[in-house]
Amino acid sequence: MKGVIMAGGFGTRLRPLTCNIPKPMVPLANKPIMEHIISLLKRHQIKELIVILYYQPEIIMDYFGNGEKFGVNITYVTATQDFGTAGSVKNAAKYLSDESFLIISGDVLTDFDLSDIIKFHKEKKAQVTITTTVVANPLQYGIVIIDSKTSQITRFLEKPSWGEVFSDTVNTGIYLLEPEVLEHIPVEEMYDFSKDLFPKLLAANSPLYGYIAKGYWKDIGNLTEYHLAHYDVLNQQIKLMIPGAKKDRVWIDSGTMLGEEISLEEGIIIGKNCSIGEGVKITNSCIGNNCIIEENSRITNSILWDGVHIGIACELQESVVGKGSHIKKGSSLNEETIVGDGCVIGSDCILRTNVKMWPYKIVEDGATLSTSLIWGEKWSRSLFGSRGVVGLANMEITPEFASRLGATYGASFPKGADVIISRDSHKASRMINRAIMSGILSVGVNVWDMGVVPAPVARFQSNVLNAHGGLHIARASYDPKLLEIRFFESSGLDLSPGKERAIEQLFYREDFRRVKIEETGNISFPYRVIECYREGLLSAINSKLIAQSKFKIIIDYAFGSISTVFPTVLEGLGCEIVALNAYPDAEKAVNTPAGISQALKQLSNIVLTLNANVGFLFDQEAERIFVVDEQGRIISDDLYLAIMTKLACETIEEGYIGIPVTSSRIIAQMNQDRVKYLKINHKQRILDKGFAMAGNGYGGFIFPQFHASFFDGMFSSLKLLEFLSAKGVKLGEVVDSIPAFYVHHERISCPWELKGSLMRWLIEETKAQKVELIEGIKVFHRKDWVLLLPDPDEALLHIYAEAKSKEKAEELAYEYVEKINKFKERG
């Protein structure tokens, strides 16, 4: 059997360590990661190797040569461009036509029993075997469900959100393929195994088998994983060939000289020809070849590459020091410090936590470095959440952070691109707005400054101005201490997960461009913004139909910026408007659940007192609305979704109505063939899918006839009026026509590391029942159902249950709460 090593990785998330070498050449336990992979293949009698190269191929070829000194035979295939994982292997098809072959990445660390995987592949007479393993957090990988009886793969999904996690069994990127499988891969086209080939084979009912491997496996995708991989090696959690004489958990290679009274504690690897001075203490660390550590220095939980020189009385904590760097006497490197190749740090310097130095930088004697020489600090679990970038104003989202984020975002576009920025009226939003703007301008990208406008207006204007994208900054509607930075594409659509990941990687990589003074971006101020939005909105509304009904409407603008826009839209619609809180005031803005509840009670009283037809309360960003009918009844979000779905189906002749998976079955039953269930965050799916309307279940609606990319409370409020006019009914009459339904919602704590295994266990537990996997796991109990949905931002699991009565719905939800609590207690 031949082996194919995928060795084209850039290693961008490992920078600055990979500024000068490709990712497979990063040393781990004093050998390139790829050398450990070659040793593993050789150990299992796979000696004919095809190595797929792309980035800096000459470095890999120079080191490994023809493979003779490693006991293997290597053939190199270098791509002229990135064809994806499957496309790159297709490029080597002429070497793979005569026998089965195993594909493995050159930058993972594993000790899987490859012989057992090969045996499984042959016994199953499989065309494709995907090696899988169980991990605590499956978000960064492709997740897999394997039939426990046949070992065939029944479902998989590449890099899911928590709502899509249905297992903690993940694709390791180790595949066994028969040569005929290559016929399904196009020539010199971007084509991926997990995104393209495997879904195609699965759809064609081709047998894909999954082997669940035991042993060690780690994708060394970032600096944290690089550290952890070393700790695992030192703790002997993986079987590796480590050079040098071993005593207990200490390996010392030939030619190394040890001084007197040194201390070597826990796991230690010391390479060839090193000099360790008197009184040195090394704890749980890996020291490369040809290193010098002078007397009385302390090295703890750190990794030194080849040729590093540590001066007298230095202290390193959880640091990585690149090849040939020199740390002079008395200097300290704090936790998570990364020093690139060839750097010089002067005497008595301090490098604070999280500092990164790019190669060949110099720090003067006595300096304290608190931020990286290029950029700085690390963000939380991930930069983007379900609502964009969210954090405490001026504590987590600081001007410094905002400037870096702006530069990162701007650098994702070419120089000279145009982006839109808008905000709410709060002074903190203005501060962060200006900081982000500075970052964007610094990378040569131009800014259209919209000032204070509601988010839908900014998104609409992005398309009008033909901008490359944009962002909106505002206080969170659910917590006034938080700021939200929402990014969107040129169409106004929220960024795709792929675009978010690209920006996140660029943010962590910290090496984006700066431009010359003459290339700095420009700031422009668009004109006729509100007029343009008004014209676009009214062109998609039947104004005459609304005017015929002569509605009397109470509108609570809640001191939001919508109060500067919507009154101009309402002119000429023949409605009598009573406006409340109709001016922007950030200090008085209604942006807490308690404040919204109080405002709705007040709105209800005014609607009744003034005998109005309807009352609207807009959220701060005018993306969703709260509604009161003519009888003063406050309409719940679920009921409002049912009302709008019913009216849309009766009024709009063509197109599907999209509703979230949390919605009541009653809505679908009332509207039969017109309704389709969508993920809660379905905005990425509504374009060109044949939808007439989609709701999110929280008072937000999208109408593709106006714009298919974003929620707009102003437009949806007018569509409600248009629907009522077209049907000639009162809102209360529609409310009364909706059958009663009962959906109960519970939140239960669930540690991040348990989410994947919990969802896999739930899949196993519910095998005998009807299950839907649109988002989360929806389990049917005859007509009733329960939905189990991991929260994307917090260590929580959401449980939704619907039954014929409130009591039954609560009982069904609590049944699953109890099951989950028992699972958590076990593991």
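Asp98 is exposed, with a relative accessible area of 54%. Exposed means over 50% relative accessible area, buried under 20%, and partly exposed in between, with a 1.4 Å probe and protein chains only. The structure is a predicted model, in which local features need pLDDT of at least 70 and side-chain atom pairs count only at pLDDT 80 or more, while totals for chains, interfaces and linings use all residues. Residues are numbered from 1 along each chain as its sequence is written, and side-chain values use heavy atoms, with hydrogens and water left out.

Asp98 forms a salt bridge with Lys2, and the closest N and O atoms of the pair are 3.6 Å apart. A salt bridge here is a side-chain nitrogen of Lys or Arg within 4 Å of a carboxyl oxygen of Asp or Glu. The pair links distant parts of the chain, 96 residues apart: Asp98 sits in the loop between helix H3 (84-90) and strand S6 (101-105), and Lys2 in strand S1 (residues 2-6). Helices (H or I, at least four residues) and strands (E, at least two) are DSSP runs numbered from the N terminus.

By the same rule the count comes to 23 salt bridges. One of them joins Lys281 to Glu265, with the closest N and O atoms 3.9 Å apart. Lys281 lies in strand S19 (residues 281-287) and Glu265 in strand S17, so this pair ties together parts that are 16 residues apart in sequence. Lys281 is partly exposed at a relative accessible area of 31%, and Glu265 is partly exposed at 34%. Glu535 forms a salt bridge with Arg528, where the closest N and O atoms are 2.5 Å apart. Glu535 has a relative accessible area of 42% and is partly exposed; Arg528, at 41%, is partly exposed. Salt bridges that share partners also join Arg387, Arg459, Glu484, Arg486, Asp494 and Glu623 into one network.

Glu260, Glu261, Glu278 and Glu295 form a patch of negative charge on the surface. Patches are made of residues with over 30% relative accessible area and no salt bridge, with like charges joined within 9 Å and nonpolar side chains (Val, Leu, Ile, Met, Phe, Trp, Tyr) within 5 Å. Glu260 is placed in the loop between strand S16 (257-258) and strand S17 (263-270). Glu260 counts as exposed because its relative accessibility is 60%.

Next come the helices. Helix H1 (residues 33-43) is largely enclosed by the rest of the structure, because eight of its 11 residues are buried. These buried residues are Ile33, Met34, Glu35, His36, Ile37, Ile38, Leu40 and Leu41. Just after H1, Gln45 takes a positive phi of about 65°.

Leu41 lies in H1 and counts as buried, its relative accessibility being 0%. Leaving aside neighbours within four places in sequence, Leu41 is in contact (heavy atoms within 4.5 Å) with Ile5, Ile46, Leu49, Leu102, Ile104 and Leu114. Leu41 and Lys550 are 509 residues apart along the chain, and their C-alpha atoms are separated by 78 Å.

Helix H7 (residues 399-411) contains Gly410, which counts as buried at 0% relative accessibility. Not counting residues up to four places away in sequence, Gly410 touches Val443, Val445 and Arg513.

In helix H11 (residues 529-539), the residues Val529, Cys532, Tyr533, Gly536, Leu537 and Leu538 are buried. An α-helix has 3.6 residues a turn, so residues three or four places apart point the same way. The cover over the buried residues of H11 includes strand S36 (446-452), helix H9 (455-464), helix H12 (543-549), helix H13 (566-570) and H17.

Helix H17 (residues 713-727) holds Lys719. Is Lys719 buried or exposed? At 2% relative accessibility, Lys719 counts as buried. Apart from residues up to four places away in sequence, Lys719 touches Ile541, Phe703 and Gln705.

Key. Areas by Shrake-Rupley, 256 points an atom, 1.4 Å probe, with all protein chains shown as cover. Lys, Arg positive; Asp, Glu negative; His and termini not counted. Charge placed at Lys NZ, Arg CZ, Asp CG, Glu CD.
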